[in-house]
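Subject: Structure for you to look at

Dear colleague,

I am handing over the structure we spoke about, and below it I have written out what was found. Please keep the model open while you read, so that you can look up each place as it comes.

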Amino acid sequence: MRHWSQLAIRNWRASWARTLGAVLAIALGTASVVWVTCCYESVRQTLGTWAATKYVGNAHITVSSAIGKYDQIPQRIVRRLRDMDGIEAVAPRLLQRLRAAPWPAAWKDRDDIKPVRYGPGTPQVDLHGLDLANEFKIRTYDIVRGRMLEPDDQYRCVLESSAAEEAELEIGDYLLVWTETQEKPFEIEIIGTFERRRIARFQKPVALMNLTALQRMRAKFALITTADVVLTADAIGDDEEQAVKKAASRIRRTARQVAGNVTVRTAEGRMKQIRAAESQQQFVVLLLSCVAMLTALFIILTTLSMGLVERISQLGLMRCVGVTRWQLAWLLVLEVMPIGLLGVALGIPIGLAFTLLTVAVAPQYVGSFAVSWRGLALGALAGLLTTALAALLPATAAFRVSPLEASRPRARVASRGGLLIAAGLALLLLAGQHFGLLPMVRRSLEFAEYAAGSIIALYVAYALLAPLAVWLIGSAAVHLVARLLGLRVRLLQDQVGHAVWRAAGVCCGVMVGLSLIIAVNVVNSSVTRGWQFPKEFPEAYLWSFSQFTPKAGELIAEIDGIRAYTVANSLNVIVEERGGFAEDLLMSVTWFMGCDPDSFLELVKLDFIEGEAADAVAKLKQGNHVIIADDFMRSRDKHLGDTVKIWDKGAARPHLFTVAGVVRSPSIDIAAGFFQMHSEYSVVASGSVLGTNEDVRRIFNVNGTKLVLLNFDLPETAIPENWPPPADSPEGRILRRSVYDERVPLERRWQRQKEQDILDEIRARIGAPQVFAGTVRELKDTIDAELSGLTRLFSAIPGIALLVAAVGVANLMMANVFARSRQLAIMRAVGATRGLVLRLVIGEALVLGLLGSGLGLALGIHLAGNITLLVERMWGFRVAVAMPWPLIGFSVAVTILLCLLAGIIPARWASRTNVVEALHVP
């Protein structure tokens, strides 16, 4: 050995299993950070590319409705803007989300199989009506096949290439597009495809059309969604920022002479709106990255600590022969840092592979693959910093080693003072988190920063509390495992109780991974149950984007099979925000639900928490009163008798309403928002407000109906013979696919079909055949499925953290077995069987699994409670924590099983150790 530093390399070879485990822990921790950040980058680039090239493009200023991207403003605004000085071009656009079925050209004349109406499974497409004379001054489109639109193209479109590939459509094929006012679909010919990156879950496929054709299809004559404005070079001058601001002010005054409540945003303002939405995603990325690296930190720290303890005599002898304290400390650092470098080098490609797999499995959530170079650097830096921090404590301990350590025993009972000090710090941190950080989290732009700080403080507090918890409850776990495996309690206690800090380190690794899985599932269960409809809610609904006849109630009254019904209207409005909440970035768009107070509150039983139902009905009939939900009350600090300011799209000044009552959230706003997600980039206000149809007509000048709620009164009828008809028959093709779902009993399918027949008759009577219709149970199940899908995706990342923890358990068990080789050999020599040794090592792993799972369960429930509190503070949506015990039990069982499996290989190695050779271990 030419240099003392080569002792580090010798330890790699001598303890290859521990070294391999440390490398794997660092690699998986780094991979998790790379995975999360690259997935985030995939989402961010998809949104950013779309925003820069399609959402904003070359436009300096955009004029739109304040209500959202599916509302309209008068097209005559365009003419007024073009007449202004300094304007180079104004490009109007109309956006309509409609049902569109793919239809090959070979089937064009096949009326026998052509669907008459769309079904629940018919995909939605965003149709963009373009002014071809000005659109290309704002944006460019990359044509993949075919050609771009020309002015003479009316019922033709250019379809997004990915949508064409998914539907196997070629140039010359068609889209069958339904509107709510037409039974027969429009046949839109596909003349080209263009390249567009999208996230399928949040952005629908896009088809480009001529503006006038789309206006004619939708009867939106002289209406547009947005008007993008490009300034002349002379108007911009040398100071573009100031010139755009001044031009925006002039454009706002001109546009509001035509429509009083239009929104005028600069390109920078629109990009800020997107960045504000991205900050909420960054909070999730930060949380998941911290969880992954915290797990790796605890495992690496425990592994290195074990290596230090097992070599304490060796280090003491080195001090005897002249090695300095600094040399010992550097020896530990030199041993660890190359391991960290190797782990980082392996972790980066593993993380990229995880990202590719996620994109392949869940493109609807992630989009297309993208590499985050910042994420790679963050993963590498996090891996190296974690390694350095994990090496710091053992290096500090090595610095304090004296020559006398060579004669001291390997393990000593942990100092109670150290445990109490750590626990005291943990309690102080928990108090600061609960009374200091959490109260700072509120509906503001600083939400992400305070929320992230609060969650991180919670994890650090539990990590500090873990050693004392292990010391206090470790004995109970030892007794349980000893009885389960038939071991002497004292024998197993000796192996666990004398290494509290090391055991706590492994338990923290298990705790961190399990806690996030439990928290995600608890929050999902709580939200799913928390947005429940009222205790008594109608059995079915009909909902439309557009207004249908105001006489809907009279027409429905003539239909048999309906016990009770109510008709309502709704429109998007803007409500006042708390002061200083950056209203220009976070538009407080919500629903104003107009109803008939008597029939609505008779059919929909709401729980009043402020006011009484009878008084509320009387006030609603007086006019200018609203009922608000409890989440609206909390997020806006509005109570019974308070005044609420509400703007509609045509008013420059707000309308004033008085709160007639506060009810537990009826979740009508969630259900309605499920159909009409107005913008992926705006923050929707919490909770709708409930007024009257009369106020909707009188104040907002809207006369019609958008919502029908009803209960059925269907007599028992026998199921017809040979029902349902064959799926490929003319009769079967018009039935819903759920009719043929054999997992559902035939009687229930027949009942559903009778209910569907009633809904179809209502569609025909009210002259709106293409409205959304269904049962409330189906609606809730669909939304629940969306929440569950997100839960499974988020659970995958802490699942990797659990895998890292299992590696740590195996690493510690192997190190313990190696360090106790002589002790185990003596036990074998005095009569201990191989089975006893095997059960002893497995018992230790099982104890660590139980302790870590107990801590993870406590932290997970605490974290879930904090997250639900954060949701309430930001959005006002209050839910009671609901415990999905089957899922929690399964997660805990899997965690314990992983720890048990992690102890099997070390246990088998220990039980097969040659007694004679082991007794020669120095």
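Phenylalanine 700 is a buried residue in this predicted model, with a relative accessible area of 5%. Its partner is phenylalanine 592, and the two rings form an edge-to-face aromatic pair, with 5.0 Å from centre to centre and 65° between the planes. Phenylalanine 592 counts as buried too, because its relative accessibility is 0%.

Another edge-to-face pair is made by tryptophan 103 and tryptophan 107, whose ring centres are 5.2 Å apart and whose planes stand at 70°. Elsewhere, Phe136, Tyr141 and Phe194 are linked by ring pairs into a cluster.

The charged side chains come next, and the structure holds 17 salt bridges. In one of them, the side chains of glutamate 135 and arginine 93 meet at 2.7 Å, taken from N to O. Glutamate 135 lies in the loop between β4 (124-130) and β5 (143-146) and arginine 93 in strand β3 (residues 87-103), so that this pair links distant parts of the chain, 42 residues apart. Both glutamate 135 and arginine 93 are buried.

Strand β3 also carries arginine 97, which is linked to aspartate 126 in strand β4, 29 residues apart. The salt bridge between arginine 97 and aspartate 126 has an N to O distance of 2.8 Å. Are these two residues buried or exposed? Arginine 97 is buried, with a relative accessible area of 9%, and aspartate 126 counts as buried at 5% relative accessibility.

A further salt bridge brings together the side chains of arginine 156 and glutamate 189, at 3.4 Å from N to O. Because arginine 156 lies in strand β6 (residues 156-160) and glutamate 189 in strand β8 (residues 186-194), the pair ties together parts that are 33 residues apart in sequence. Here arginine 156 is partly exposed, with a relative accessible area of 31%, and glutamate 189 counts as partly exposed at 22%. Both residues belong to a network, in which salt bridges that share partners join Arg147, Glu150, Asp153, Arg156 and Glu189.

Just after α19 comes glycine 623, which takes a positive phi of about 95°.

How many disulfides does the structure hold? It holds zero. Cysteine 508, for example, is in no disulfide, and the nearest cysteine sulfur, which belongs to cysteine 507, is 7.2 Å away, whereas a disulfide needs the two sulfur atoms to be within 2.5 Å. Cysteine 899 is in no disulfide either, and the nearest cysteine sulfur is again that of cysteine 507, at 8.0 Å. Cysteine 508 counts as buried at 2% relative accessibility, and cysteine 899 counts as buried at 2% as well.

Finally, a few values describe the chain as a whole. The chain has 29 helices and 22 strands, and 56% of its 922 residues count as buried. Among contacts between residues at least 6 apart in sequence, 83% join residues at least 24 apart. The chain exposes about 39,700 Å², of which carbon and sulfur atoms supply 59%.

How values were computed
Residues numbered from 1 in each chain as written. Predicted model: local features only at pLDDT ≥ 70, side-chain atom pairs only at ≥ 80, totals over all residues. Heavy atoms only, no water. Phe/Tyr/Trp six-rings, centres within 6.5 Å; stacked < 30°, edge-to-face > 60°. Buried < 20%, exposed > 50% of the residue type's maximum accessible area, 1.4 Å probe, protein only. Helix = DSSP H or I, 4+ residues; strand = E, 2+ residues; numbered from the N terminus. Contact = heavy atoms within 4.5 Å. Areas by Shrake-Rupley, 256 points an atom, 1.4 Å probe, with all protein chains shown as cover. Salt bridge = Lys/Arg side-chain N within 4 Å of Asp/Glu carboxyl O.
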